[in-house]
Amino acid sequence: MANRNYSRREFVKQNSMALGAAVALGMTPTFMANCATDTGTPAILGGQKLRTKEWPGWPMWNPATDEEQVLKVLRSGVWSRAKVVTEFENKWAETIGAKRCLSVVNGTNALIAALVQLGIGGGDEVLVSTYTFIASPAAILQTGAIPVFVDTDPETFQMDPAKIEAKITSRTRAILPVHICGLPADMIKIMAIAKKHNLLVVEDACQAWLAEIDHKKVGTFGNAGCFSFQNSKNIPMGEGGAIVSDDEAFMDRCYSYHNYGNPYGTMVGEVGSGTLIPGTKLRLTEYQAAIGLAQLKRLEEQTSKRFDNAEYLKSQIKKIPGILPYKFNQKVTRASFHLFPFRYKKEEFKGLTRAGFIKALQAEGIPASSGYTPLNKMAFLENVLKTKNYQLMYPPEMLDYKKYMENNQCPLNDQLCDEAVWFGQNMLLSEKSDMDDIATAIERIYKNAEKIKNL
Ligand SMILES: Cc1ncc(COP(=O)(O)O)c(C=O)c1O
C-alpha cells in the first residue's frame, strides 16, 4: 500500500464522471475515495493477511551505543543510588525544563511522594481524571485522601475542565490531571481553575515525556509533575519514576522522604543527624539510571517520529465513517503518543462490536486494544471506605458508598470506555507506509462489516 495516496488521487481523477453519479446516489466523495483504495477480503473472512511484517519491538536496546555505561556500573559494584542516578536526574530536569528532578522506584510512588510532600492526606479530596490507569487514584488513596472523579472530554480523552468546578468542595485540596496516552490535558484551563480556588496541582505525566503545550513541557505546569519509566513506557528502564518541580523546598522534602526521611544530602548508608520526617525508601539503582540515560539519547528523535506518524495516521483514518481519532486541547505543540487513541462507532460499522472490530484488525496483523474500563466503578473504592484508616479519618456520611457514587458518575467516560481503541507507541515508530497498512485494514473491515458481524 505504499502508493495509497497516489491511488486515491488517481481514482478521483479517473472517476470524476462516476463521482457525479455517486454523489447523486448520496455517497460522499470521501466515502468513495476510501472505497477505492482497497478491494481485499478481510483476513478474518479467509482473505490474505494484510501484514506479515513485524512491528518494531519494545523496549529498544542497541548494544553498541547503550551497553558501555551499564557494564561500567555493573563492574563497579556501586549499584545503589550514586553518581549515575544524579546524572540521570540532572539530564531529565534539563530536558523537561524544570529546576529539579528526583528519581524514584516507579511512577506510582512518584505520585504518592509528590502528594504526601505537598501535604495531601486524610480528610482531603483530590480531583482526578477518570480515563486513566489505576495508579492515579491508587496514589491518592495511599495518602489517605479521597479521589473525586472528573468526567472525560471524549474528543480529547482528557479530564474535561468544564466539569471541574462542580466537584470542588471545602475539602478539595488538589487536582491530579493525567496526560493520558501522552496527549496533554488542558493545563491552561486547569491551572486557571486551580489558581482561582487555591488548589495544588500534581500532573500525572507518566505517559507524557516531552509532550508540550505552547512549547512548554507537560509536568512543569503544576506544583509537581510525575513520570514513569516502566518497561512499556517511552523511556523504558524496567521500573522507574521521577518527580519534577521548580519548588526547591518541596524537592528537598521529596528527596528526604524517598530516603527514609533522612536529611537531604546525606550519603547512602549514612545516618547523619537522624531521621527528620516520616519517609520510605524509593531509591532508583545505578544500573536503572544507566539504562535510562541510554534511552534518553533516542527520545527526541522517537518522539518526533511518533508525533508525525500519529498525525499522518489520524489524517488517513478520520475519513472513514465511525472512526473518530483524538483531538488536541488548545495550544498543544507536541504529544508523546504513548498510545494512539480513537473512538470506534459501531453504528457506522453495521453494528460490528468493538471486540469484533479489534479481532478483525488483529487478523490483519494490526495489534489493537480496547483500553481502560471505568475506574470510578471498581470495587477498590467501596472497599477502601470500609478500611480502619478511612473509618477513623472521615465522618460516616462521607463513607456512604452509595452517596460517594452519586457524586462520582462520569457518563461520558463510561461511553468512552465502550468506544475507545488504542494502537501502541511502538507501532508509531514504523514508516508512513506502515501507517497506510493500518488505514487500509480499517477500510477493509469497514467495507465488509456486515459479513464480519455475521461470522
Ligand atoms: C497514567 C499513569 N499513571 C501512573 C502510572 C504508574 O507508573 P508506574 O507503572 O511506573 O508505577 C502509569 C504507568 O503504568 C500510568 O500509565
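Start by selecting H215, which sits in the loop between β8 and β9 (216-217). Keep in mind as you click around that this is a predicted model. H215 isn't a glycine, yet it has a positive phi of about 70°.

Now jump to C181, in the loop between β6 and α8. C181 is another non-glycine residue, with a positive phi of about 70°. How many C-beta neighbours does C181 have inside 10 Å? There are 26, so C181 is buried; 20 or more is enough for that label.

Next, select helix α8, residues 187-196. Colour M187, I190 and A194: these are the helix's buried residues. Why do they end up on the same side of α8? Because they cover an arc of only 65° around the axis. Then look at the other side of α8, where you'll find A192, K195 and K196 exposed.

What do the buried residues of α8 pack against? Show the strands β6 (172-176), β7 (200-204) and β8 (212-213), and you have their packing partners.

Step just past the end of α8 and pick N198, which takes a positive phi of about 55°.

For the last stop, head to the loop between α3 (29-36) and α4 (63-76) and select P59.

Technical notes: Residues numbered from 1 in each chain as written. Predicted model: local features only at pLDDT ≥ 70, side-chain atom pairs only at ≥ 80, totals over all residues. Buried ≥ 20, exposed ≤ 12 C-beta atoms within 10 Å, placed from the backbone. Helix = DSSP H or I, 4+ residues; strand = E, 2+ residues; numbered from the N terminus. Arc of directions from axis to C-beta. Contact = placed C-beta atoms within 7 Å.
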